[in-house]
Amino acid sequence: MIWLVAGLLLILAALGTPLFAIIAAVALFGFHLAGEPGAAVAIEFYRLANMPALIAIPLFTLAGYLLAESQAPRRLVRLTNAMFGWLPGGLAIVSVCACTLFTAFTGATGVTLVALGAVLYPALRQAHYDERFSLGLLTCSGSLGLLLVPSMPLILYGVVAQQFHTTPPVSVDALFKAGLLPCLLMVGMLSLYSVWRTRNIPRPPRSSPREVWSAVKDAGWELPLPFVILAGIYTGRLAASEAAAATAMYVLIVTVLIRREIKFGELPRVIREAMLLVGAILIVLGFSLALTNWLIDGDVPERLFSALQSGLSNRFAFLLLLNVFLLVFGMLLEGFPAIIILVPLVLPVALHYGVDPVHLGIIFLANLQIGIFLPPIGMNIYIASARFDKPATTIMRASLPFYAILLLSVMIITYWPELSLALVR
Amino acid sequence: MTFAAQRGLVWLRRFENGLLALLVLILVGLASAQIVLRDFFQTGIAWADPLMRDLVLWTGMLGALAAVRDDRHIALDLADRFLAPHARRIARRVTLGFTSVLCAAMCWYSCKLVYLDFAGATATNGMRIVPAWVPEAILPVGFGLMALRFALRAASPPAHTPALLHDPATAPK
């Protein structure tokens, strides 16, 4: 009976049933088997309203979407280009940095690809970067910022992991601190490769101080944002949810009232767009709260651990398996649901293997980040294919060197915990 | 569909978008007010924190409802890529129909939850100024509407919505 239901649900999932419905079905069925009433699932779902850390998610997402809909992407590219465009591989570095900052804010890698890709791709081609390099670079840069403050997937990992009351605890602030160096590592490695790869391309002249200054003035309203958030969170002055509130209010005032790039009448549509993403994630989270409870009651993580232990004797082997697993999962689903579904299963097992729960979060996101544009079905390949009007196979080929670089950085991040934990502990 | 019904639907959409926008703006306002009050006046609104947490659930449910309309719920999209158009249509009916049934079930179960708290009327926790069943009411309402909308979507062709309202590729410089 159980296998029949499981098989049926797997088929339904493969055919494209919304993920929350699959999880809800498993939760309802599981509760039924355990003799619990269906209303218990509703009670678990309602726990969404008892998680203070969740408040940051709609607020940061709103700020990100407002910025994406305004002219901020264009100003960001102009500013970074004025500052770094003349360096060897300058525009490539600009692309990497701009995409990283942007994804950190929206948490939606696809939105970055669409919004920044539109500005950066023509610029790269115009500066004589070859097509293949430009396509690969942008496709991979889209997902870069997931490890950086105030990335929504990091918050989500924190929220899910907090249910397990680990020692040391997993606070969202700690995750934000832990993500900084690994993110810089990825940005640095990609920049180095870009410099090497584009060494034969003639460099544009250095921007005049006047152009730099005018680009700074142009981006004057947005410029303080990353610094205030970074400083606020890294000094511990602002909690994540407070930083989110301040950011959302500030961006709302700037884009709607001061710059007026989003008309007041359009505001409901932009808000709806942002909340659509939040809603699609929270509903998965809500049902997985119920599922998690059932899994823990059934000792599933413990059983998984004893099953694994016979084959995987040490942490090294466990982490390697985890890497492969996360890459595949990240490819099948976007990053968010992978976190929601996998963390409750993997976290207790990882603790047995002596993995730090904060480090685990960074490993999760670093892997998922690659999975998002991994062939054959990583989402961002198809978003890039639509955006740049190129066949998906071209995008995949163009991305090959970038997989290699990011895989290398993921290995470093995975097997060198201090890189993630240095700023935390 | 008659003209009056279409107009009704348009207004319903506007109401839904407007309500969502309003709740989000209240959330932003309350959260910012709390920071100002805490940092400059060393005080705070006692009922603001539970209200904000409820607003997260409310905006989340309304967002999820909106996501049904645009076919934007997170799902595997293997079928879109590997099935023939005819098979895709059948898959769409089956999967969205199943989801509709599930939402209906959740609507029923959350009605029970709301009724329990309504009849018990004791579960006012801490600082809440309204009884617990009021914020909970979004669950049956949200799941009920989602069940209806999923059933409608199952019979309609997939939606194609742009990722951004202002696409920088087409926007003026």
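## Salt bridges

A network of salt bridges links A:Arg75, A:Glu222, A:Arg259 and A:Glu261. A salt bridge here is a side-chain nitrogen of Lys or Arg within 4 Å of a carboxyl oxygen of Asp or Glu. Over all chains the count is 16 salt bridges. The model is predicted: local features need pLDDT of at least 70, side-chain atom pairs count only at pLDDT 80 or more, and totals for chains, interfaces and linings use all residues. Residues are numbered from 1 along each chain as its sequence is written, chains are lettered from A and ligands numbered from 1 in the order in which they are written, and side-chain values use heavy atoms, with hydrogens and water left out.

A:Glu211 and A:Arg78 meet through their side chains in a salt bridge, at 3.2 Å from N to O. A:Glu211 is in helix H11 (residues 209-218) of chain A and A:Arg78 in helix H5 (residues 72-84) of chain A, so the pair ties together parts 133 residues apart in sequence. Helices are DSSP runs (H or I, at least four residues), numbered from the N terminus. A:Glu211 is partly exposed at 28% relative accessible area, and A:Arg78 is partly exposed at 29%. The classes are buried under 20% relative accessible area, exposed over 50% and partly exposed in between (1.4 Å probe, protein chains only).

A:Lys390 forms a salt bridge with A:Glu131, with the closest N and O atoms 3.8 Å apart. This pair links distant parts of the chain: A:Lys390 is in the loop between H19 and H20 of chain A, A:Glu131 is in helix H8 of chain A, and they are 259 residues apart. A:Lys390 is partly exposed, at 22% relative accessibility. A:Glu131 is partly exposed too, at 30%.

## The A/B interface

Contact means heavy atoms within 4.5 Å. On that rule, 72 residues of chain A are in contact with 70 residues of chain B. The two chains bury about 6200 Å² between them, 73% of it on carbon and sulfur atoms. Buried area is the accessible area (1.4 Å probe) that two parts lose on being put together, summed over both. In chain A, the residues that lose the most area to chain B are A:Tyr46, A:Glu69 and A:Arg272, together 12% of what that side buries.

Three salt bridges are counted between chain A and chain B. A:Glu273 forms a salt bridge with B:Arg72, with the closest N and O atoms 3.1 Å apart. H14(A) gives the most to the side of chain A that touches chain B, with 14 residues.

The side chains of A:Glu242 and B:Arg38 meet in a salt bridge at 2.5 Å, N to O. A:Glu242 is in helix H13 of chain A and B:Arg38 in helix H1 (residues 3-41) of chain B, so the pair joins two chains. A:Glu242 is buried at 15% relative accessibility, while B:Arg38 is partly exposed at 34%.

## A covered helix

Helix H8 (residues 131-141) of chain A is mostly covered, with nine of its eleven residues buried. Among the buried ones are A:Phe133, A:Leu135, A:Leu137 and A:Cys140. The cover includes helix H6 (90-106), H7, helix H10 (172-197), H19 and helix H20 (392-415) of chain A.

## Selected buried sites

A:Ser385 is in helix H19 of chain A. A:Ser385 is buried, at 15% relative accessible area. A polar atom of its side chain lies 2.8 Å from the backbone oxygen of A:Lys390. Not counting residues up to four places away in sequence, A:Ser385 touches A:Lys390, A:Pro391, A:Ala392 and A:Ile395.

A:Ser420 is in helix H21 (residues 417-421) of chain A. A:Ser420 is buried, at 1% relative accessible area. Beyond its neighbours within four places in sequence, its contacts include A:Ala178, A:His359 and A:Ile413.

## Cysteines

A disulfide is a pair of cysteine sulfur atoms within 2.5 Å. The count over all chains is zero disulfides. For A:Cys183, the nearest cysteine sulfur is that of A:Cys97, 9.3 Å away. A:Cys183 is buried, at 3% relative accessibility. For B:Cys103, the nearest cysteine sulfur is that of B:Cys107, 9.2 Å away. B:Cys103 is buried, with a relative accessible area of 1%.

Technical notes. A polar contact is a pair of N or O atoms within 3.5 Å; within protein, one must be able to donate a hydrogen and the other to accept it, and residues adjacent in sequence count only if both atoms are side-chain atoms.
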